[in-house]
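Work each one with the model open, then compare with the solution.

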Amino acid sequence: MCLAVPGKVIAIAEPDGADASPLLRTGTVDFGGVTKEVNMAYVPDAKMGDYVVVHVGFAISVMDENEANQVFEYLRQMDEAGDLAPDRSPTA
Amino acid sequence: MNIEGPVCPVPLSRYPAIVMAHGGGGRLMRDLIENAFISAFGAVGDRPAHDSAALDLPTARIAFTTDSFVIRPLFFPNADIGELAVYGTVNDLAMGGARPLYLSASFILEEGLPVDTLMRVVQSMSRAAADTGVAIVTGDTKVVEKGRCDGMYITTAGVGSLECVGTIGPAEVREGDTVIVSGDLGRHGIAVMAVREGFAFGTQIVSDCAPLWDPVQALLASGAEVHCLRDLTRGGLASALVEIAESAHIEVTVTEEAIPVADAVRSACEILGYDPLHVANEGRFVAFVRSDHADRAIEALRTCAVSADAVSIGRVTASGEGRVLLRTVGGLRPVDMLSGEQLPRIC
Amino acid sequence: MRFVDEYRSSADAQRLAARIADVVRSDWTIMEVCGGQTHSIVRFGLDQMLPEQITLVHGPGCPVCVTPLEMIDRAIAIASRPEVIFCSFGDMLRVPGSSQDLMSAKASGADVRMVYSPLDAVELARANPDREVVFFAVGFETTAPANAGAVEMARVQNLRNFSVLVSHVLVPPAITAILSSPDCRVNGFLAAGHVCTITGCLEYEPIAAQYRVPIVVTGFEPVDILQGVLMCVEQLERRRHTVENQYARSVRREGNPAAMAMIGKVMEVTDRTWRGIGAIPMSGLRLRDAYADFDAERKFDVGSITAQESPDCISGLVLQGLKRPNQCAAFGTMCTPEHPLGATMVSSEGACAAYYRYRRTPAAGAAQPTHAGHQP
């Protein structure tokens, strides 16, 4: 359910033919020194060099690097704000 | 693998696979012993003896140990059951501070095992023994019906001479001792699991299976006061530390950040949901040394290739209740042995 | 590892914990509904960092723990058939059925194989045309696209010897069931980041509104979980109750459309029984009729299964956060990781197993190793 790990896309193999099932789209993902073949059916927009989150052999999302940095931006604001919590409107 | 086998006389080559008669005590078994075992193990001097080996020992006090090896698969990245059988027992002797000298090797072979497979394993054992300067001096062979064992089981027993001055064991551990690990964790367990379960990792992670007498010898020669040694095998670092802590009634505190794990192993653990603390190793050990001798100990260990990355990971923080604590992100938390082998998880 | 290591910073975790302590005024009970988050909390000792006013409770977030007993028995019955190669994720192998688990069935001769991905099972079917390959398709929404994809892959490859035993469960109905219980003491939720990576956050908005509870979609690393707790506490202190997304680097509000489409193509919502909790309507997934040929439940007639749960096991109460593991009479005595009575003691992030591993030695001078934020 929950164990999914981010890795970098270093190769993508598109299926042949216009009618080919999207399930045939695969890629090679580098997880900090270990590489695995991963099914890319659910990340049609993933490109070379993107980071994807992989669960049981399927990429399930493309990592949004801006949002990834937001966590640390939040921490920085937290320090600066002192007593006031940073104003957070739901980013959902 | 470049196998330089013994020049094999005809009888053995007539049988591509092991049959029941190879364990039957008759001519076939005699041939097997001569052509498979004696020609490989006998190369270090005295030929392996018939019933028992008469040995000269350099010291009055000896260390004696035994272990059985039932690993599946028989061959895995960088090593095989044969090397494991030699190094495993050599290392148990080394952990007591004893210089490994002689080994026995007993085989239980499964009917149908290809003779080539047996020869590969035997050659590995021969090489491993030569590497560590031990002689395999006696042994036994049995054959069981197909299905009654996984190809082969090997039991080795070993004798070593105790050259160190003091005693080495959990009872010697003192509050304040530094805990040193000889190198990075988890290679063996990941390598074996990957082959056994068919989990392909593009970068092959290879077993760290290796003999440990050289670094132990260097450690003892450095003059550092060594209180306890334990090689890390099944159950990983966690099991070794918990066993020592419980027998010595001490509290050991180790720091997560200090524990070395290679990037590829860490990534493999993340993917499978493994904790590196519990993953098996075969060429690593922990040393408990007097704290003011720790630097000297680490320097000595780093002179050997197999312990070139030796590092301090913690200390003995109290005596009394036996337990192990890990300093992690959220502070201290207890470490315990797992009840079974870790299984890859999806949660 | 990038996008992992930076979220394990001890310094950042401590800053967040300090901030939570600053902000909190009242006592709050926050439930996380994800085995992966439970695991992270226990492994990194995150609950120890929280102030006394915060009680962190583990919900039914472990699909292994909630797979019905009857389903385990059915799996073992199918696995025991000589023509079957039964494939499963590692988590499921030691979960006790009425009399044994899949691991002991394997020891008795069943061909049970552990796989990392359902696609490995499809490959096994392709490579072994004379055997029947059955895959145990468990999980929450995170795993559903993978399992659905495997079935679709088998269909595209015209495999006749592949089928799945489906026991999928959905998170939002479980949260609703917990919130509807008169005993419910949960004030806020951390929603599972990888479940929401697939489904998005939309389903949680009506729950937050109806029950007036904040729900923060949260990741799995220490910084994620602590930030999630902080965001939840801030809402609680301000009497707000909306859905927020802490894990925005992976979760989009609308989720993953391609993954959702595949689930919808292959599966449909159904009623499901949750082990220890009971039947929750429309809380699971099953294969659509169009995929009946791939449904192991229809393919293999294993007779009627009468499942027998241990009378001493209170997993259900633990899963709902109503009892702590150490309040169970069997805990640590009849029921241990070596001989578990229920799933919460087997699964590595089941609350009972986690509690067992850390209950024995509360370290002097260190915070208490419980899963709550204060003394039990």
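**Exercise 1.** Find what distance separates the centres of domain 1 of chain C and domain 3 of chain C, and state which element gives the most to the side of domain 1 that touches domain 3.

Solution. Over C-alpha atoms, the two centres are 22 Å apart. The bounds, which come from an automatic or database domain assignment, are 8-62 + 178-245 for domain 1, 64-170 + 255-299 for domain 2 and 315-359 for domain 3 of chain C. This is a predicted model, in which local features need pLDDT of at least 70 and side-chain atom pairs count only at pLDDT 80 or more, while totals for chains, interfaces and linings use all residues. Residues are numbered from 1 along each chain as its sequence is written, with chains lettered from A and ligands numbered from 1 in the order in which they are written.

Next, count contacts (C-beta atoms, placed from the backbone, within 7 Å): 15 residues of domain 1 of chain C meet eleven of domain 3 of chain C. On the domain 1 side, α2 and β2 (54-58) of chain C give two or more residues; helices (H or I, at least four residues) and strands (E, at least two) are DSSP runs, numbered from the N terminus. The most comes from α2(C), with five residues. By class, that side has seven nonpolar, seven polar and one charged residues. Here Ala, Val, Leu, Ile, Met, Phe, Trp, Tyr, Cys and Pro count as nonpolar, Asp, Glu, Lys and Arg as charged, and the others, Gly among them, as polar.

**Exercise 2.** Describe the side of domain 1 of chain B that touches domain 2 of chain B.

Solution. Start from the division of chain B into domain 1 (10-162) and domain 2 (170-335). Their centres, taken over C-alpha atoms, lie 28 Å apart. Across the boundary, 19 residues of domain 1 of chain B are in contact with 20 of domain 2 of chain B. In domain 1, α3 (81-95), β4 and α4 of chain B each supply at least two residues, and α3(B) gives the most, seven. The classes on this side are eleven nonpolar, four polar and four charged.

**Exercise 3.** How many residues of chain C and of chain B are in contact with chain A?

Solution. For chain C, 49 residues are in contact with 35 of chain A. Six residues, the largest share of the chain C side, come from α7(C). This side divides into 25 nonpolar, 15 polar and nine charged residues. For chain B, 14 residues are in contact with eleven of chain A; the chain B side has seven nonpolar, four polar and three charged residues.

Technical notes:
Two residues are in contact if their C-beta atoms, placed from the backbone, lie within 7 Å.
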